[in-house]
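These are my notebook entries on one chain, written down in the order in which I looked things up.

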Amino acid sequence: MDYNKLIPQKIQDIQPSGIRKFFDIAQAVDGVISLSIGEPDFKTPWAARKEAINILEKGKTAYTANSGLFELRKTVCRYLKNFIRTEYDPEKEVIITVGGSEAIDLAVRAMIEPGDEVLVPEPSFVCYSPIVSMMGGTAVPIVTKMEDKFRLTAQALKEKITPKTKILILPYPNNPTGAVMRRGDLEAIAEVLRDTNIVVVSDEIYAEMTYNGEKHVSIAEIDGMRERTVIISGFSKAYAMTGWRLGYVVGPQPIIKQMLKLHQYCIMSSPTVSQYSAIVAMEKCGADVANMVEEYDMRRRLLVKGFNDMGLDCFEPEGAFYVFPCIKSTGLSSAEFCEKLVYSKKVAVVPGSAFGESGEGFVRVSYAYSVQHLTTALSRIREFLEELNRK
């Protein structure tokens, strides 16, 4: 059997996630402190867990409508009206998905044909470019820089637009940098897009996690942008519901209609018990989310100070739960730094290069871990740097 002839070349060319590589190393080495995965260390709020128990006891485990429980879709719309001041029709403009990841996949597959271009600000999450490639499209990176606080600038966007451009991915708050787009930044982006036929796929999975008193702003709020914006979000990060596999997508009805067809044939419907619990999470667990964000903020400041004190220039993230310190001063590549660190000091972080070529020279450190783990990891990283400097 010649599997090379069986499997399409575009699939073979896709590289495994750089995040998972170091997660797997951490699992294989005893005593490793892993700061490599973006998964909350908090339990799902009790009210949501209790609802799941109640739903299971009542036997409500059948399929839901393809687009999700209508009550959950209404809850999502009420939430977004309050949170980002934008209204959506729960009957025609919302799909409940299997995590935000499925929603991203649906959005790209519903719009991209071979030869189309998708603009992807980098560094950014690992899934966007591979999904585009699987559809025969071309992912075009737009480099963001630390001096711009890793925000996408209107000028950088304008320079990358071609007649083939169909989608702009807008991944903010950003994984891995923690960067956040402010209203003025989004207004400038909107002005560039205004007379084009480009759709924004706005990945807002970390929208509830912003710091320094600044509230999240969605590009869908900007005048003229709702009609060309598809918002991706979900419950994994803000509500500590990663394993529940539940997300949602909202956007213009003509696009959502096509996404729903893909969802129907590939998924049928999202997990029923998770959907019932998500209603309770959105309606009753706001205080739990606020408490988690307060804890993340404290950890964020701990890590930023720790890395800067040890001589690694660290941009202060304004969202999500990652820091992105620069390790260029060590003379090591991102991959070399991470491999040497995990084997010599048993601390696992992720090379910045896993998030695009522009991430080279940085590493991603998640602070979705306890203060004890973070403090111990900082101490070991400091020892690692001291040993490098002595060589």
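**Entry: charged pairs in a helix**

I looked up E295 and R299 and found that their side chains meet in a salt bridge, with 3.2 Å from N to O; the term stands for a side-chain nitrogen of Lys or Arg within 4 Å of a carboxyl oxygen of Asp or Glu. Side chains of opposite charge can pair when their charged atoms come close. I note that this is a predicted model, in which local features need pLDDT of at least 70 and side-chain atom pairs count only at pLDDT 80 or more, while totals for chains, interfaces and linings use all residues. Residues are numbered from 1 along each chain as its sequence is written, and side-chain values use heavy atoms, with hydrogens and water left out.

Both E295 and R299 lie in helix α12 (residues 286-309), 4 residues apart, which is about one turn of the helix. Helices (H or I, at least four residues) and strands (E, at least two) are DSSP runs, numbered from the N terminus. R299 has 3% relative accessibility and so counts as buried, whereas E295, at 25%, counts as partly exposed.

In helix α12 I also found R300 and D297, 3 residues apart, again about one turn. Their side chains meet in a salt bridge of 2.7 Å, N to O, and both residues are buried.

**Entry: a network of charges**

Salt bridges that share partners join E71, K74, R78 and E283 into one network. I checked R78 and E71, whose side chains meet at 3.4 Å, N to O. R78 is partly exposed at 45% relative accessibility, and E71 is partly exposed as well, at 34%. The structure holds 22 salt bridges.

**Entry: the sheets**

I followed an open sheet of 7 strands with mixed pairing, in the order β2-β8-β7-β6-β5-β3-β4; two strands pair if DSSP finds at least two bridges between them.

I counted 2 bridges between β9 and β12 (residues 363-366), and the bridge partner of Y322 in β12 is S366.

**Entry: the whole chain**

The chain has 14 helices and 12 strands. Its radius of gyration is 21 Å, close to the 21 Å that the globule rule gives for 391 residues, so the chain is as compact as a globular protein of that length; the radius is taken over C-alpha atoms, and the rule is 2.2 Å times the number of residues to the power 0.38. Along its principal axes the C-alpha trace spans about 65 × 55 × 55 Å. Lastly, I noted that buried residues make up 54% of the 391 residues.

Methods. Buried < 20%, exposed > 50% of the residue type's maximum accessible area, 1.4 Å probe, protein only.
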